[in-house]
Amino acid sequence: MDLRLELLPPPVSRERLDELCREIERISDLVVLRSEDADEAIEAFNAMTGHDYGALDFAEYDASRDLENFAREAARPAHPRVPDITRDELVEVVRRLSAAFPESDYYLRLLSANVSHPRVSDLLFHPPAELQEASAEQIVEEALKYRPISL
């Protein structure tokens with residue numbers, strides 16, 4: 001199934017990637033050097049990108065991804081909410097996650113932002129016994145039936 005444009009990872013210009021790469025490297029250096037300016041730089045970066053990164057994200061980003069992937073993630077919405085997303089579209093997002101599409105990080109954020117299940121990623125990557133061999137449709141069904149407990 002093709003996804004509509006609102007559900008695809010937004011393109012990021014080379015200029016924006018380069019700008020964010022430079023800033024990530026600068027903040028990483030501040031964090032490693034334990035500079036007093038690190039917290040302020042992280043706060044400004046988060047304000048500019050809409051994300052909620054911490055010092056550890058900058059100090060150890062290269063352990064899990066390369067600089068450009070970190071910059072691409074930062075350039076895209078942290079919580080890509082699509083109010084009219086359909087069940088079929090969610091199923092396709094889960095399929096893309098299960099197939100390890102190149103933009104899996106974005107699709108996981110998209111899924112998390114559009115279902116209320118607090119640990120929707122666990123349904124995919126650490127499923128309970130009853131979902132061990134679940135289809136994308138079954139995972140979406142489980143995610144959508146979750147209802148938070150009102151206090």
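In this predicted model, N46 sits in helix α2, which spans residues 38-49. Is N46 buried or exposed? With a relative accessibility of 12%, N46 counts as buried, because the cut-off for that class is under 20%. Setting aside residues up to four places away in sequence, N46 touches H51, D52 and Y53.

A helix pair further along the chain comes next. Two packed helices are described by the angle between their axes and the distance between the axes. For helix α5 (residues 87-98) and helix α6 (residues 104-114), the axes come within 9 Å and cross at roughly 145°. The crossing of α5 and α6 is left-handed. On the α5 side, the contact is made by L90, V93, V94, R96 and L97, while α6 contributes S104, Y107, L108, L110, L111 and N114. Sorted by class, the residues of this contact are eight nonpolar, two polar and one charged.

The largest nonpolar core has 22 residues, and the members that touch the most others are V93, V94, Y107, L110 and L111. At least two residues of this core are supplied by each of α5, α6, α7 (120-125) and α8 (136-145). Helix α5 provides the largest share, with five residues. As for L111, its contacts, leaving aside neighbours within four places in sequence, are L90, V93, V94, L97, V120 and L124. There is also a second, separate core of 18 residues, with L30, A38, I42 and F45 among them.

Note on methods:
Residues numbered from 1 in each chain as written. Predicted model: local features only at pLDDT ≥ 70, side-chain atom pairs only at ≥ 80, totals over all residues. Heavy atoms only, no water. Axes fitted to C-alpha atoms, helices over the stretch in contact; angles between N-to-C directions. Helix = DSSP H or I, 4+ residues; strand = E, 2+ residues; numbered from the N terminus. Left-handed = near helix turned anticlockwise from the far one by under 90°. Contact = heavy atoms within 4.5 Å. Nonpolar A, V, L, I, M, F, W, Y, C, P; charged D, E, K, R; others polar. Core = buried A, V, L, I, M, F, W, Y, C linked by side-chain atoms within 4.5 Å. Buried < 20%, exposed > 50% of the residue type's maximum accessible area, 1.4 Å probe, protein only.
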